[in-house]
Amino acid sequence: MTPVAMAEEARFTPSELLVAYSQWHNQQVTIEAYPALFMSPARWQAKHMEFGATPQPQTPTLAVCDTLNPPGNDRIRSTDVVILRATVLRRQVAPSQDTPHRIRLSECEVLSVEAQPSQHPDAIPLDTLHRAMFDLIGQTVRVSGFYWGKTWSEASDLTRHDLQDTAEFLGPKPVACFQQGNVEAPQFVLDNRADAQNEGRVDLTAFSRADRVDLTDCRFVRAE
């Protein structure tokens with residue numbers, strides 16, 4: 001289970017970028033992880049249990065199980081290797097600048113608890129899954145598609161430029177490019193909406209959606 005390959009020179013259509021961004025959402029995965037415990041050992045939690053990638057107390061949390069089906073034993077240690085089957089819900093913004101972003105998981109089922117790293121053939125190390133899910137965040141990409149139009153928010157003083165694959169007015173708008181201020185698209189974009197190209201940095205905020213990729217530091221460029 002590897003990330004969708006990036007297009008040459010990180011160039012995408014709006015739908016291609018959305019597929020690369022959201023491919024893990026709602027996917028069932030099997031993960032190899034370690035409990036992220038404040039003190040070890042600790043009791044299993046049925047809700048909001050955190051997991052990391054290293055066998056140490058207070059390992060950085062990379063994933064959070066919103067619900068958990070714990071095993072029969074009631075104690076867990078930081079060094080225990082846990083094999084989980086879970087459904088990926090979404091990305092979660094890091095709670096602080098000193099901590100990593102997190103993966104939100106649901107329907108977490110503990111398949112096994114082992115003393116050594118497992119040889120489970122389907123288990124993905126948690127740090128591998130984490131890198132795959134956040135690989136695009138912060139990268140600068142170029143998107144080529146149809147320029148639908150702009151929306152300016154007076155409250156935030158941000159302009160959102162929407163890009164889609166076709167000229168269908170009510171069709172999905174997979175990519176939103178944000179610029180500070182009330183910014184009109186350049187005339188060369190308005191003259192050829194079907195071949196709009198925008199460069200921006202893939203962003204993740206608390207308001208990011210699974211069905212849309214948000215780009216910041218955007219700029220329209222002429223088609224090559």
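Hi everyone, let's begin with C218: this cysteine is buried, with a relative accessibility of 10%. Buried here means under 20% relative accessible area, with exposed over 50% and partly exposed in between, using a 1.4 Å probe and protein chains only.

A quick note before going on. This is a predicted model, where local features need pLDDT of at least 70 and side-chain atom pairs count only at pLDDT 80 or more, while totals for chains, interfaces and linings use all residues. Residues are numbered from 1 along each chain as its sequence is written, and side-chain values use heavy atoms, leaving out hydrogens and water.

Now, which cysteine has its sulfur closest to that of C177? That is C218, at 3.5 Å, which is too far for a bond. C218 is in no disulfide, a disulfide being a pair of cysteine sulfur atoms within 2.5 Å. C177 is buried as well, at 0% relative accessibility.

As a reminder, a disulfide is a covalent bond between the sulfur atoms of two cysteines. Here the partners are C65 and C108, with an S to S distance of 2.2 Å. They link distant parts of the chain, 43 residues apart: C65 lies in strand β5 (residues 63-69) and C108 in strand β8 (residues 102-114). Strands are DSSP runs of E, at least two residues long, numbered from the N terminus.

Why is this disulfide called left-handed? Because the torsion about the S-S bond of C65 and C108 is about -95°.

Finally, are the two partners buried or exposed? C65 is buried, at 0% relative accessible area, and C108 is buried at 2%.

Key: Helix = DSSP H or I, 4+ residues; strand = E, 2+ residues; numbered from the N terminus.
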